[in-house]
Amino acid sequence: MSAEVEEKDMVGAGEGGEKKLSKKELNKLAKAAKIAELKAQKAAQAQSGGGDENAEDVSVGMYGTYGIIKSADKKDIVFSRLNQIEADLHGKEIWVRGRVHAIRSKGKTCFLVLRQRFYTAQVSLFVGDHLSKQMLKFVSNIPKESIVDIQGRVEKVDAQIESCTQKTAELHAIQVFVVSAAEPRLPLQIDDATRRADNAEGLAAVNLDTRLDNRVLDLRTTTTQGIFSLQAGVCKLFREALAERGFVEIHTPK
């Protein structure tokens, strides 16, 4: 009896006469802590996508890699140009082909920037009834500079997309197929190659030697594409002016 009284006194009073929590209150706090821990584990699992690996893939056949393209497998697809993606096409489904310029993915959302020459457009993917977590994961892992075919629905945006040339509309992806996958690790990034080495303002830049060693990538920068467009325009004007005056263009052997 005296031992039970002593135990109650220890629970009821602490050092210096301060009152301790009762067993009921301690159990309640422990239960709340356990619930919070389980919620944190579920949130982390949802963030990593681990809980959806075995879920039914509702996007089967809507994404993947073409593999080796043969002449016998010609696809009857009419492609639109990226610079045609504007707000006046809102609700229309189109096909586009371009290079993956950038990808950012978080949770059940993925944003992809597609590039054609110096035009860029944003492609959005959201996990839902018609787009699976497996498809989102596949798109998130496509290497930069890969060539992809995307079917999507043009959607007008409320706020302008500052990171792309097409600012008034984006493409909500329906199908995504890789035509030609790039190497996961490239010798240079297109954004870095766009900056001058002597005026990078603390950002990464590419030296001339690296540019020349990887000219096939350096030719894709907006600066180089702009130079080629100006050269082509000047040559076109000269040809038109001379053709109007009766000149004949010839190509002499070297």
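V234, F238, L242 and F247 make up a nonpolar patch on the surface of this predicted model, and together they have about 420 Å² of accessible area. A patch is built from residues with over 30% relative accessible area and no salt bridge, with nonpolar side chains (Val, Leu, Ile, Met, Phe, Trp, Tyr) joined within 5 Å and like charges within 9 Å. A salt bridge is a side-chain nitrogen of Lys or Arg within 4 Å of a carboxyl oxygen of Asp or Glu. Areas come from the Shrake-Rupley method with a 1.4 Å probe, and for residues only the protein chains shown count as cover.

Residues are numbered from 1 along each chain as its sequence is written. The model is predicted, so local features need pLDDT of at least 70 and side-chain atom pairs pLDDT 80 or more, while totals for chains, interfaces and linings use all residues; side-chain values use heavy atoms, without hydrogens and water.

The chain has seven helices and six strands, in the order α-α-β-β-β-β-α-β-β-α-α-α-α. Helices (H or I, at least four residues) and strands (E, at least two) are DSSP runs, numbered from the N terminus. Of the 254 residues, 28% are buried. Buried means under 20% relative accessible area, exposed over 50%, and partly exposed in between (1.4 Å probe, protein chains only).

| Residue | Relative accessible area | Class |
|---|---|---|
| C164 | 4% | buried |
| Q225 | 16% | buried |
| L242 | 38% | partly exposed |
| C235 | 39% | partly exposed |

L242 lies in helix α7 (residues 222–244), and Q225 is also placed in helix α7. Beyond its neighbours within four places in sequence, Q225 is in contact (heavy atoms within 4.5 Å) with R117, F118, L219 and R220.

The structure has zero disulfides, a disulfide being a pair of cysteine sulfur atoms within 2.5 Å.

A nonpolar core is a set of buried Ala, Val, Leu, Ile, Met, Phe, Trp, Tyr and Cys residues joined through side-chain atoms within 4.5 Å. The largest one holds 25 residues, and L125 and I150 have the most contacts inside it. Two or more residues each come from β2 (93–106), β3 (109–116), β4 (119–126), α3 (133–140), β5 (147–156) and β6 (169–180). Strand β6 gives the most, with five residues. A second, separate core of five residues includes L188, A193, V206 and L217. Leaving aside neighbours within four places in sequence, I150 touches residues including I94, W95, L112, V123 and L171.
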